[in-house]
Amino acid sequence: MVKLALFVRLEAKPGQEAAVADFLAGALPLANAEAGTTAWFALKFGPSTFGVFDAFADEAGRQAHLDGPIAAALMANAAALLAEPPKIEKIDLLAAKLPG
């Protein structure tokens with residue numbers, strides 16, 4: 001059962017919206033490779049506002065994701081792509097419905 005999540009809000013720099021969208025879409029194989037990441041979603045809220053929502057069974061999975069290649073790549077590219085630092089929120093899940 002998933003108990004924990006992360007929500008990350010990203011605001012693209014003007015002119016970098018497509019690059020942020022491409023970055024997020026390109027991260028899917030990395031998310032799929034993370035054994036502790038139960039669910040992962042790349043989101044687009046508006047023309048320049050994006051996000052990531054992911055869920056985990058335990059704190060070890062969540063921390064592994066935060067220490068993993070997606071987060072490292074995001075932070076390495078943040079200055080070029082983002083208007084402000086990513087806003088990372090740790091969330092406790094109350095209920096969830098997942099496939100399977």
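Okay, let's start with a pair of side chains: E59 and K90 meet in a salt bridge, at 3.9 Å from N to O. By salt bridge I mean a side-chain nitrogen of Lys or Arg within 4 Å of a carboxyl oxygen of Asp or Glu. This pair links distant parts of the chain, with E59 in helix α3 and K90 in strand β4, 31 residues apart. Helices (H or I, at least four residues) and strands (E, at least two) are DSSP runs, numbered from the N terminus.

A quick word on what we're looking at. This is a predicted model, where local features need pLDDT of at least 70 and side-chain atom pairs count only at pLDDT 80 or more, while totals for chains, interfaces and linings use all residues. Residues are numbered from 1 along each chain as its sequence is written, and side-chain values use heavy atoms, with hydrogens and water left out.

Back to our pair. Which other residue joins E59 and K90 in a network of salt bridges? That's R62. The side chains of E59 and R62 meet at 2.7 Å, N to O. These two sit 3 residues apart in helix α3, so about one helical turn separates them. In general, an α-helix has 3.6 residues a turn, so residues three or four places apart point the same way.

For the cut-offs, buried means under 20% relative accessible area, exposed is over 50%, and partly exposed is in between, using a 1.4 Å probe and protein chains only.

The structure holds 3 salt bridges, and one of them is between K87 and E84, at 2.9 Å, N to O. There, K87 is partly exposed at 45%, and E84 is partly exposed too, at 33%.

Now, helix α3 itself. The helix covers residues 59-66, and G61, R62 and H65 are buried in it. Seen down the axis of α3, those buried residues fall within an arc of 100°, so they line one face of the helix. That arc is taken from the directions from the helix axis to the C-beta atoms. What covers them? The list includes β1 (4-11), β2 (37-44), β3 (49-56), α4 (69-81) and β4 (87-92).

Let's move on to β3. This strand is mostly covered, with 7 of its 8 residues buried. On pairing, two strands pair if DSSP finds at least two bridges between them. β1 and β3 pair in the antiparallel sense over 8 bridges, and F7 has F53 as its bridge partner in β3. β2 and β3 also run antiparallel, joined by 7 bridges, with F56 in β3 as the partner of T37. A hairpin of 4 residues takes the chain from β2 to β3.

Last stop: S48, in the loop between β2 and β3. Its side chain and that of E11 are joined by a polar contact of 2.4 Å. A polar contact is a pair of N or O atoms within 3.5 Å; within protein, one must be able to donate a hydrogen and the other to accept it, and residues adjacent in sequence count only if both atoms are side-chain atoms. Leaving aside neighbours within four places in sequence, S48 is in contact (heavy atoms within 4.5 Å) with L10, E11, A12 and E17.
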